[in-house]
Amino acid sequence: MRYIFLASAMSGLVSAALVTPAQAGDTVLYGVESAWIDVADLPPATENQGSPLRLIETQTRLEDGVVTTYGDIAFALDSSEALGALNNITLDWMPDKGDLIVHRVELVRGGQVIDLIARGARFEVLRREEGLEQRILDGALTATLSVPGAQIGDVLRYSFTTTRNEQVLEKDMEHASFVIAEPTPIAAGRTILSWPVDSGVHWAATRVEDPIEDVTRDGYRFVTITLPVAEPDNIPDDAPSRFRLPPSIRATTFETYDQISEAIQPFFSTEGAIEPGGDLARKVADIAAQTNDPLQRAALATQFVQDEISYLLDGLDGGNYIPQSPAETWAARTGDCKAKSLLLLAMLRELGISAEAVLVHSRTGDAVPTLLPALGNFDHMIVRADIGGIPYWLDGTSSGLRASNMVEVPSFRYALPLRPGGTGLQEMTMRPQAIPDEIGTIRIDQSAGIDLPGIYDVTLVYSGISARNYQALALIEDNEQKENRINSVVRGVIGDNDVTDFDVAFDRDTGIATIHARGLVASPWDDAKGRFKLDVPYQKVDTFSFSVDRARPEIADLPVLVHGPIYYRRNIEWILPPEQSGNFRFLGRQDIDQVIGGTRLASTSRLEANRLTISEEVQSLEWEVPASALPEIRRETLRLKRSLPRLRAGSDVKRIWEYRGAERARLEPIAKMLDQLVEDADEDEIDALFTRFDFRYQNGDFSNALADISDVIERDASADYYMWRGLTHWELGDLEAALVDFAAGAQIDPDYMLYDSRLEALALLGRADEGVALVEEHAFLFEDPKDEAIKRSYILGFAGREEEGLDLLREELAFEPDDASLLNAMCWRAGTLDRVTTDTLSTCTRAVEEASNSASAIDSRALVYYRLGRYEEAVRDLDKALSNDPEQHISRYLRGIVKRAMGDEAGAREDIALALHAAPSTARLYSAWGLPPR
């Protein structure tokens with residue numbers, strides 16, 4: 001039930017927004033509401049039926065430096081699911097900042113109100129540090145109550161007040177809370193803010209379009225929002241965060257950010273922070289002794305804070321805003337962003353570097369200038385260091401910073417420096433990164449052939465934060481765990497692959513991580529009717545995308561975030577077969593260097609001899625781009641994609657099944673890697689074994705392929721694997737064994753019951769009648785009568801019932817005279833049975849036309865041409881068929897027969913030998929049709 005989740009979320013929202021104390025206390029207090037609170041009536045059960053959240057009220061008073069928030073919530077326990085999910089009340093508060101006062105816990109049952117507090121129900125106080133996994137110790141207390149006696153049909157109502165007196169703000173106050181919007185099912189609710197008219201409070205709502213009541217009475221100003229407000233427009237995630245903020249209301253006594261800067265600065269004074277002669281002072285002196293370069297000093301100090309001080313947020317006793325001292329941080333070797341920043345600040349100043357602490361927001365920084373000035377607009381602290389007139393933004397909680405990448409600007413967008421006398425927000429202007437986050441070098445060796453697996457060699461070099469992710473990985477001794485992680489990384493670069501060798505290293509001095517992997521990757525070349533093409537994969541420039549929707553009027557003018565800050569460099573080297581280097585043609589632009597959508601995209605490509613090289617860079621230059629630029633960005637992106645490097649191969653490139661004799665040595669590097677993959681695989685894994693089987697089968701090594709597929713079946717006796725072993729037996733000439741496997745596969749998957757090779761094996765063993773019976777017994781498998789006719793006519797031809805089979809095809813053609821499959825079947829059967837006439841040729845030509853010049857139909861017509869003694873036309877057709885489908889080995893075998901009839905003995909021997917190397921079974925079939933090669 002979706003509403004239960006929403007209701008629970010609202011309960012947590014209210015309790016979180018109501019954290020506010022005057023008299024700090026770690027016990028739950030019980031009492032009546034303050035006089036200023038306007039207690040709402042529970043809406044009648046007859047109103048807004050179907051809204052399980054019957055009431056939600058938040059009323060906040062800002063007065064005398066204290067923010068007091070009252071919450072009143074009522075849920076309908078209208079189902080067993082609701083009863084189970086909602087009858088446990090949980091309230092959080094910060095005891096170092098204020099109190100939690102519970103006013104009521106009631107069950108409304110019909111017209112009766114059951115006061116559970118009066119009956120002795122009390123909350124239990126827990127200290128639950130739920131953020132410990134994220135190294136957060138916030139000091140919050142949790143009060144819980146399992147509601148006694150609740151029944152289905154009750155309405156559970158509870159109300160409470162929390163107070164908050166923020167230590168660092170003295171008499172200043174601020175408040176922010178979400179405003180609940182549709183479609184949250186609320187029967188009644190309000191959000192009310194109030195304060196003395198002379199207290200200098202300012203307020204503003206964000207993305208609330210409904211009318212807001214703003215009145216003054218009895219010396220107080222009241223701002224009231226009726227809940228739920230209208231659902232705000234859906235803003236896409238690619239818009240800056242300032243447009244995606246949820247509905248909310250804020251109030252503050254600060255008029256400018258300057259005031260916040262001045263108020264907080266004293267807590268970040270570094271005077272006397274480093275004790276002379278102490279351990280920390282010696283560390284600073286050690287850094288100073290290493291270099292006089294302030295840039296290097298700043299980098300070493302930041303690296304020290306990042307690496308030597310682990311992260312821990314201690315929010316106890318005002319610690320959410322008040323930092324611990326550098327001495328405490330150094331002694332504990334832990335600290336949060338404030339503690340780390342103060343330590344770093346003290347070290348930098350001791351090193352003679354001008355620096356200051358600055359507040360930022362880590363996720364919605366671009367929205368900060370649009371909000372009322374408030375300390376709560378920030379959730380993170382870093383340090384700004386000014387060196388040589390350039391601001392450097394140093395984050396002690398991050399990792400991987402070195403002098404080489406210090407120029408990088410994190411995407412916080414705006415910072416508030418903490419200075420005596422105060423100052424306003426500073427924009428953190430984008431700067432192009434100095435060194436790449438990632439340098440990828442990819443080498444694909446397809447020198448053996450472009451339809452063979454490529455031997456890849458990938459090296460990935462990471463710097464900065466990206467590198468730190470692999471520091472721990474480099475130390476892992478579990479080789480399997482390391483391999484899985486590295487394989488996952490490499491897969492993200494080149495897709496599915498089989499890794500044979502791998503390594504990872506991390507250099508602490510440079511902060512550089514290096515991953516290296518070597519293995520096999522499937523050939524990415526596309527075969528389009530015998531012509532291979534390669535839209536070169538793995539290009540970083542090709543990953544650039546700007547799929548942005550600004551079609552709706554309400555979002556038409558919204559800017560678009562630029563992915564970043566990023567800087568990638570990639571070098572691709574593709575090794576092609578050396579003896580075929582002239583068969584490859586480069587298409588696309590050799591040189592690309594342009595800025596699209598705030599991103600620089602550069603690529604230099606060269607094809608020299610049998611080597612293609614591509615060098616790329618992708619670098620973000622802007623935080624965001626205006627919507628007005630989108631049309632041009634889309635056009636330029638499309639042009640870019642269409643101009644990326646690609647290759648086209650000639651028609652005579654060597655294929656995997658062409659390697660014979662001494663040429664097979666070219667396959668050895670791939671074969672050895674496959675052997676290693678099989679050896680390294682776990683006992684129950686079959687992927688590597690089947691990959692090696694497929695490789696051996698495709699290159700005509702059927703004996704070794706048989707051993708592999710037999711091992712596969714021992715681990716996984718699936719229908720597909722039985723069929724593959726049957727085909728391997730078929731090629732090796734063991735028809736009886738093939739039939740056993742075909743039958744086993746058909747038992748598992750009936751779709752294989754009438755497999756052509758099974759029927760052919762029966763026929764060649766003189767058991768064609770069994771094949772006929774098999775088709776008759778399983779005729780129910782055919783959904784289309786023409787498919788049954790085609791299959792039945794084929795086996796009838798082997799059984800000596802040629803005319804009966806041809807009649808079946810004629811009958812179906814009478815119903816579907818233009819069906820390509822029937823026309824081709826008629827042409828082929830006539831050719832194999834030597835029942836050819838001039839009318840047959842007409843049928844064959846129609847088959848070719850209706851089948852859009854398919855290789856199969858053209859081959860059938862070539863056989864008919866041969867039967868008619870029209871050899872030159874037969875060769876032309878067979879050349880065309882093989883051009884469309886070079887793997888149609890029966891066409892090459894037939895071409896050898898035709899060439900021999902024409903007196904071209906050398907050409908005949910080459911075609912027949914190659915066909916029988918790739919598919920030895922061809923000879924048996926053609927002999928059965930009276931077409932021996934001699």
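**A pocket and a helix pair**

Q: How do the residues of the lining of the second largest pocket divide into nonpolar, polar and charged?
A: The model is a predicted one, and in it the second largest pocket is lined by 36 residues. Sorted by class, the residues of this lining comprise 17 nonpolar, 10 polar and nine charged.

Q: Which helix supplies the largest share of the lining of the second largest pocket?
A: Several helices, among them α13 (687-698), α17 (756-764), α21 (820-833) and α27 (921-928), each supply at least two residues of that lining. The largest share amounts to five residues, and the helix that gives it is α21.

Q: Which residues lie nearest the centre of the second largest pocket?
A: The space in the second largest pocket comes to about 1100 Å³, and 36 residues line it. Of these, the ones that lie nearest its centre are D756, S757, E760, I890 and L925.

Q: Is α4 roughly parallel or oblique to α7?
A: The axes of α4 (residues 279-290) and α7 (residues 337-350) come within 10 Å and cross at roughly 55°. Because of that angle, the relation of α4 to α7 is oblique.

Q: Is the crossing of α4 and α7 left-handed or right-handed, and how do the residues of their contact divide?
A: The crossing of these two helices, α4 and α7, is right-handed. On the α4 side L280, K283, V284 and I287 take part, and they meet L343, M347 and E350 of α7. By class, the residues of this contact are five nonpolar, no polar and two charged.

Note on methods. Residues numbered from 1 in each chain as written. Predicted model: local features only at pLDDT ≥ 70, side-chain atom pairs only at ≥ 80, totals over all residues. Heavy atoms only, no water. 1 Å grid on protein atoms, 1.4 Å probe; cavity = no way out; pocket = protein on both sides within 12 Å on 5 of 7 lines; lining within 4 Å. Points joined across faces, edges and corners; volume = space filled by probe spheres on them. Helix = DSSP H or I, 4+ residues; strand = E, 2+ residues; numbered from the N terminus. Nonpolar A, V, L, I, M, F, W, Y, C, P; charged D, E, K, R; others polar. Axes fitted to C-alpha atoms, helices over the stretch in contact; angles between N-to-C directions. Parallel < 35°, antiparallel > 145°, perpendicular 65-115°, else oblique. Left-handed = near helix turned anticlockwise from the far one by under 90°. Contact = heavy atoms within 4.5 Å.
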